[in-house]
Amino acid sequence: MGAELLDKPDVVSDILKSLRRELPADTAVSCKIRMLPTVEQTCDFMRMCEKSGANAVAVHLRTPQEDRRNKGAPAHWDDIAQLCSAVKIPVIANGDFFSRSHIEDFWQRYGAGHCAEEPDGFDVGPEAAATSAAAPAAVMIARGALWNPAVFSQQENVHFDDVVRNYIRTAERVNNVFFNTKWTLREMVTTDENKPASLNFAGLQGAALRRLKSKVDNMPNMSECCKLFGVDHDASAYPDKAFAVDYGYRWLPNADLTSSGAPLLAADGGAAVEASSPDPAELLCGGAEGGCGEMPVALGE
Ligand SMILES: Cc1cc2nc3c(=O)[nH]c(=O)nc-3n(C[C@H](O)[C@H](O)[C@H](O)COP(=O)(O)O)c2cc1C
């Protein structure tokens, strides 16, 4: 929901009521909001969302003003229990989940009853369990997932370089539009100070990381991209326009990709051949392809 709508609860209520009225009963309506200037005002707004038909509400735990005045201000995790106690619908917490340890830390501190039963096996402890009536149902991740698409994976000790290289291999395999691949890689090599150091490609820091970012900004095509990150790439195996905007989704290599779990499309862009759905965590953390930490990195001056 646009932050401007926080000042227009009547409009929001109308929108939610209309959605609830028009959508099939088994279609959930959720709403994502920012915090208002006080926790109590935020609670009131959430109650209004619930009363108007929302089935769940996600809260970015910052006010719009906080973002404008101080970009790095931490999200108000401490307010989540009070916000959750305002409504009966599930509340989704959002803001500053940059790594699995952040997520685990959050569940330790604010998770409750049902969280302890999650297959993830988070140990929320007796104190948090006692507050089970006022606990969030889930967390929502934005920047953390852009910086590290494997943030949801439960595999331990996955080297970030492998995640980056497996992302590139996956992009190559599914003929992802190059500009999209480049945009994503720019996020993965961000110099944002909130990014955990373990997510610095090749362990680069400071000026070296900024140089890598600049190289990513300037890389013109998939071949250069693969060279930069030390991924094997045989350009002759791809048609001239592979990875171009007008070629995306219309061509995929003829190689038998079923064993690696990648989706298959007919080479002529016709009917889709049965697609097995790959496990994103596997694709990005190694999976069938295994790690690639030994590959060279082209990060020279
Ligand atoms: C690239 C980008 C696009 C976003 N687009 C939207 C949007 O369309 N609607 C929205 O409510 N929030 C949007 N957000 C805000 C995020 O959903 C999220 O609330 C915010 O980034 C805080 O979460 P984080 O700490 O996990 O990044 C966007 C954030 C990013 C980084």
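Q: How many bridges join strand S1 to S2, and do the two run parallel or antiparallel?
A: In this predicted model, S1 covers residues 30–34 and S2 covers residues 56–60.

Q: Which residue in S3 is the bridge partner of Val-57?
A: S2 is also joined to strand S3, residues 91–94, by four bridges, and these strands run parallel. Along this pairing, Val-59 stands opposite Ala-93 in S3. For Val-57, the bridge partner in S3 is Val-91.

Q: How many of the five residues of S2 are buried?
A: Strand S2 is mostly covered. Of its five residues, the number buried is four.

Q: Which strands stand at the edges of the sheet?
A: Four strands form an open sheet with parallel pairing, in the order S1-S2-S3-S4. Two of them have a single partner strand each, so one side of each is left without a neighbour in the sheet. The twist averages 25° from one strand to the next. The edge strands are S1 and S4 (138–140).

Q: Are helices H9 and H12 roughly parallel or roughly antiparallel to each other?
A: Two packed helices are described by the angle between their axes and the distance between the axes. H9 (residues 160–173) and H12 (residues 222–229) pack with their axes 11 Å apart, at an angle of about 160°. Angles over 145 degrees count as roughly antiparallel. H9 and H12 are therefore roughly antiparallel.

Q: Which residues in H12 are met by Val-164, Arg-165, Ile-168 and Glu-172 of H9?
A: These two helices pack with their axes 11 Å apart, and their crossing is left-handed. On the H9 side, the contacts come from Val-164, Arg-165, Ile-168 and Glu-172. Their counterparts in H12 are Met-222, Cys-225, Cys-226 and Phe-229.

Q: Is Asp-96 buried or exposed?
A: You can find Asp-96 in the loop between S3 and helix H5 (100–110). Its phi is near 75°, a positive value in a residue other than glycine. A residue is buried if 20 or more other C-beta atoms lie within 10 Å of its own. With 21 C-beta neighbours inside 10 Å, Asp-96 counts as buried.

Q: What is the phi of Ala-202 near?
A: Ala-202 lies in the loop between helix H10 (178–188) and helix H11 (206–218). With 15 other C-beta atoms within 10 Å, Ala-202 is partly exposed. Its phi is positive, in a residue other than glycine, and is near 55°.

Q: What percentage of the residues of the chain count as buried?
A: The secondary structure of the chain comes to 13 helices and four strands. Among contacts between residues at least 6 apart in sequence, 67% join residues at least 24 apart. Of the 301 residues, the share that counts as buried is 28%.

How values were computed
Residues are numbered from 1 along each chain as its sequence is written. This is a predicted model: local features need pLDDT of at least 70, side-chain atom pairs count only at pLDDT 80 or more; totals for chains, interfaces and linings use all residues. A residue is buried if 20 or more other C-beta atoms lie within 10 Å of its own, exposed if 12 or fewer, and partly exposed in between; C-beta atoms are placed from the backbone. Two strands pair if DSSP finds at least two bridges between them. Axes are lines fitted to C-alpha atoms, for helices over the stretch in contact, and angles run from 0 to 180 degrees between N-to-C directions. Angles under 35 degrees count as roughly parallel, over 145 as roughly antiparallel, 65 to 115 as roughly perpendicular and the rest as oblique. A crossing is left-handed if the near helix is turned anticlockwise from the far one by less than a right angle, and right-handed if clockwise. Two residues are in contact if their C-beta atoms, placed from the backbone, lie within 7 Å.
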